[in-house]
Amino acid sequence: MVEVTMLFNTYGFMLLFLPVFLVAFFIIRAFVQDQIKKEAALNILIILASFVFYSFFGVRNTAVLCISLIINIIIIYRIGKSKKKKAWLIAGIAFNVVLLSFFKFSGLFFPVAISFYTFNQISYVIDLYRGEIKEFDIPDYLVYILFFPKLLQGPLEGFGSFDAGIKKAYEEELDWEKMMRGLLLLSMGLFKKVILADTFAKAVEYGFSAIPNLGRMEAILTAVFYSFQLYFDFSGYCDVATAICMMMGFDLATNFNSPYKATDIDDFWNRWHMTLTGFFTKYVYIPLGGNRKGRVRTYINVLIVFLISGIWHGSGLTFIIWGAAHGVMSVLTKMVKNARKEKKEAKDNKAVKIFAAVRKAAAVLGNYIFIMATWVFFRAETVSDAIGLFVRMAVGGPKPFYSTFADGFRLDEIWYIIKVTPIMNYNFAWDLCLWLFLAAAVIIIFFGKNAIRFCRECKINMGTTLLTAFLLLWSIISFSGVSTYLYMNF
Amino acid sequence: MNRYKKYFVVLMSMMLAAFIACGALVVYVDPFFHYHEALTGFPYIVDNQLSQNPGMAKNMLYDSCIIGSSMTVNFDTDDFAELLGANTVKLSYSGAYPRDHYNILSIVFDENTYARKHSPVKNVYLALDIPTLTADPETTKYPLPEYLYDRNPINDVKYLINKDVLFQYIFRPAVQREGSDMSEIYFSWWTPEYYNIQWVMHNYEQPEENPEEMTKDGLIEGTEVNLSRNIIPFIEEHPETDFYIFFPPYSILYWNNVKKENTFEATMEQYRYVADRLMQYDNVRLFDFQTMDEVIDLNNYADYSHYKPAINKFMVECFKDGNYEINSAEEMEAELTKVRKMVGAYDFEGLFSEKW
């Protein structure tokens with residue numbers, strides 16, 4: 001049997017699953033008057049819908065998810081009832097860590113979203129033990145773990161705030177303004193994923209598969225494009241998840257806040273995958289002692305957190321190097337900040353505004369270059385591949401773009417327009433789409449307003465309605481290409 | 001009405017209208033022939049085997065078809081019309097596995113299609129690639145766009161609301177007014193200058209030498225399963241159809257690969273077995289082109305296996321006059337002996353000692 005995935009950027013999800021789910025949600029919310037019955041019905045709807053959503057990833061994945069749920073429910077139940085609460089807490093954490101590690105390192109297969117739902121399980125178990133969750137309620141717990149908009153890639157929100165948010169949504173009435181704002185955000189998220197991230201992905205795919213042949217500019221742009229691909233992919237996902245919740249009537253935890261505008265590594269981690277940073281801070285960094293045991297211990301704790309983060313993101317040396325690089329940079333940043341703080345006390349209020357602005361721009365650029373360079377290790381198959389890409393940046397020399405590198409940017413809808421203009425008389429026309437995408441990405445990433453904030457604050461009118469329609473249509477008709485393969489031999 | 005609700009209604013109306021317009025256009029033109037025969041006068045571009053073969057098999061008018069891997073892409077269907085009087089459609093899948101043959105033959109012989117309602121299948125011209133006959137019998141070479149192969153109308157949305165279909169297969173040909181020449185669809189990209197020994201040898205990589213020789217019947221089990229599941233059912237169920245099945249003429253380098261992989265005797269046995277199985281059927285005409293003189297001249301090839309289009313034309317002539325046809329086990333044995341001699345006599349050392 002062919003396994004059909006149910007990702008956000010599929011026809012099945014956008015044209016069938018999501019509309020049916022939302023209509024059912026609004027109908028139950030509007031017509032069931034009794035509060036207890038309404039909550040129960042909405043919980044059941046979300047649990048069923050989420051199971052259906054996840055089951056499209058196949059029997060193996062669903063089986064692992066079910067095992068995780070069953071074992072955790074038993075452990076959580078024991079934490080609530082047993083006198084040996086701490087023992088059951090340790091058992092709970094150990095089970096989840098072992099389950100995740102087993103699939104990460106066994107090479108068997110890697111269940112979809114296991115990193116995310118396992119961390120949510122750990123979060124729930126610890127919060128229950130600590131008394132932050134008042135009582136164990138199976139439907140609420142299942143909604144928290146399974147809620148499909150956040151199941152695949154987070155956010156890793158704690159149970160308390162998530163539960164409060166979704167319960168608020170249960171009491172809301174259908175709000176057409178929120179619906180339109182949500183749809184605008186949904187269209188932006190899809191656009192980022194389908195048109196931007198997936199287009200950059202084609203060049204990145206080529207770049208990382210042909211490292212020894214890359215020219216200097218191709219090598220540099222491969223790294224830059226990968227940083228853009230990751231940005232738009234994750235940002236797009238977060239936008240769509242947030243948009244669905246917005247339409248339902250509540251705010252999902254913010255997970256992405258223009259991260260490449262960060263001025264240093266710590267600022268970056270306060271903007272990129274914010275809830276993961278929150279998770280590590282709450283459940284790893286603070287229990288290790290945080291910054292309460294002196295500077296050296298603080299630095300060691302930071303390094304430990306980033307190493308765990310690297311291992312969580314993927315198996316292999318490249319991810320450890322990536323985590324370690326971020327950890328070391330974070331420690332260095334903290335050292336410099338601490339030194340400056342001491343200095344600043346003596347020389348306060350002497351900063352000139354222009355100088356501060358220039359310094360901020362340089363900090364953003366410098367930080368971005370560091371992030372971009374470390375993403376190379378995140379993407380490369382091996383450490384030598386990653387180093388190879390840097391080497392090509394230095395010794396690749398001036399070479400025109402290989403056709404495969406630039407081809408992916410020539411989307412028909414743009415390329416056909418260029419082809420009928422006099423621009424085609426110039427050689428640069430062939431690479432124009434690539435530069436247009438690069439420019440658009442730079443503007444959106446470094447100068448654009450955060451999409452979620454924009455959609456919350458903008459005035460909804462006919463213009464935004466047209467924009468929503470345009471972006472949705474463009475994205476949806478781009479979901480399915482026509483399969484082509486380069487076959488020369490059999 | 002609440003103004004936000006009004007915007008919502010406007011948005012949904014626009015989306016619905018756009019989807020309907022897009023879908024209606026695709027259904028009307030139907031560039032993959034999924035719903036109906038080709039429109040008269042529309043310059044269809046046919047260049048995607050995975051997406052367009054099933055539609056062509058269903059909705060084109062033909063009485064013969066070409067099935068096979070890239071060994072068949074350089075056939076000119078005009079030659080079949082001229083020499084054999086066959087109205088032929090080319091349904092090649094480059095790199096095809098036996099399961100690919102099965103999938104497309106299932107559509108070709110489906111009595112409910114427009115094509116079959118108009119004409120029975122007189123001839124099937126099938127290239128049988130010995131190396132792929134041990135492939136997994138359920139696996140296709142490439143993932144298929146299922147929505148064009150199944151009967152589920154829901155997943156047709158992937159075809160109906162599809163930017164590539166709109167732009168590359170409807171707008172582009174409509175503007176350029178230049179469609180594909182149906183007799184030459186899927187022709188390989190190699191232009192005549194690529195067919196020379198320098199190009200072949202420059203790109204040829206010898207496989208690693210396998211020290212362990214495969215047993216003589218090492219390839220039979222997989223071959224038997226593929227023949228029984230993916231090929232022979234069609235031959236048995238359609239005695240009214242003539243199956244022209246042929247072993248394509250790979251170059252002498254193919255035999256070098258076989259020797260390096262230490263499967264020479266197993267491959268010979270595989271040829272023998274396939275021939276024996278197929279010759280049991282009266283509606284099969286079997287051809288073995290592996291002993292053509294052209295095989296040892298690499299100037300006829302663009303790589304170790306792909307021959308120039310003139311050889312395709314020659315094979316059509318053979319289908320007509322019976323050259324290289326195998327009619328008995330003895331004849332097949334004689335062909336295999338010729339191969340053995342040809343491979344034994346070829347100066348591989350001399351070939352590889354030169355710098356290309």
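These are some notes on the two-chain model above, going from confidence and overall layout down to single residues.

1. Ground rules. This is a predicted model, so local features are taken at pLDDT of at least 70 and side-chain atom pairs at pLDDT 80 or more, while totals for chains, interfaces and linings use all residues. Residues are numbered from 1 along each chain as its sequence is written, with chains lettered from A and ligands numbered from 1 in the order in which they are written.

2. Confidence in chain A. pLDDT is the predictor's confidence in each residue, from 0 to 100. Chain A averages 91, and 95% of the residues score at least 70. The stretch to watch is 486–490 of chain A, where pLDDT stays under 50. The model still has 12 contacts there beyond four places in sequence; a contact is scored when two C-beta atoms, placed from the backbone, lie within 7 Å.

3. Chain B overall. The C-alpha trace of chain B spans about 90 × 50 × 40 Å along its principal axes. Its secondary structure comes to 14 helices and six strands, where helices (H or I, at least four residues) and strands (E, at least two) are DSSP runs numbered from the N terminus. Of the 356 residues in chain B, 41% are buried. On that scale, buried is 20 or more other C-beta atoms within 10 Å of the residue's own, exposed is 12 or fewer, and partly exposed is in between, with C-beta atoms placed from the backbone. Among contacts in chain B with a separation of 6 or more, 84% join residues 24 or more positions apart.

4. The sheet in chain B. Six strands make an open sheet with mixed pairing, in the order β2-β1-β3-β4-β5-β6. β2 (88–92) and β6 (325–326) of chain B are at the edges with a single partner strand each, so one side of each has no neighbour in the sheet. Pairing here needs at least two bridges found by DSSP. Further in, β3 (residues 123–127) and β4 (residues 242–247) of chain B run parallel over five bridges, and V124(B) sits opposite F243(B) of β4(B).

5. The A/B interface. Here 36 residues of chain B are in contact with 28 residues of chain A. On the chain B side, the elements giving two or more residues are α1, α2 (49–59), α6 and α7. The largest share is that of α1(B), at 10 residues. By class, that side has 18 nonpolar, 11 polar and seven charged residues. The classes count Ala, Val, Leu, Ile, Met, Phe, Trp, Tyr, Cys and Pro as nonpolar, Asp, Glu, Lys and Arg as charged, and the others, Gly among them, as polar.

6. Helix α7 of chain B. In α7(B) (residues 163–176), the buried residues are K163(B), V165(B), L166(B), Y169(B) and I170(B). They pack against α18 (412–419) and α21 (462–477) of chain A, and also against α1 (3–29) and α6 (157–160) of chain B. Just past the helix, R177(B) has a positive phi of about 55°.

7. Domains in chain A. The assignment (automatic or from a database) gives domain 1 (11–174) and domain 2 (265–349) of chain A. Their C-alpha centres are 29 Å apart. Domain 1 puts 11 residues into the contact and domain 2 puts in six. On the domain 1 side, α4 (85–105) and α5 (114–130) of chain A give two or more residues, and α5(A) gives the most, with five.

8. The α5/α6 pair in chain A. α5(A) packs on α6(A) (residues 138–146) at an angle of about 145°, with axes 9 Å apart. Axes are lines fitted to C-alpha atoms, for helices over the stretch in contact, and angles run from 0 to 180 degrees between N-to-C directions. Y117(A), N120(A), Q121(A) and Y124(A) of α5(A) meet Y141(A), Y144(A) and I145(A) of α6(A).

9. Two lysines. K260(B), in helix α10 (residues 252–260) of chain B, is partly exposed, with 15 other C-beta atoms within 10 Å. K260(B) touches Q206(B), P207(B), E209(B) and N210(B), leaving out residues up to four places away in sequence. K86(A), in α4 of chain A, is exposed, with 11 other C-beta atoms within 10 Å. Its C-alpha is 7.7 Å from that of Y129(A), 43 residues apart along the chain.
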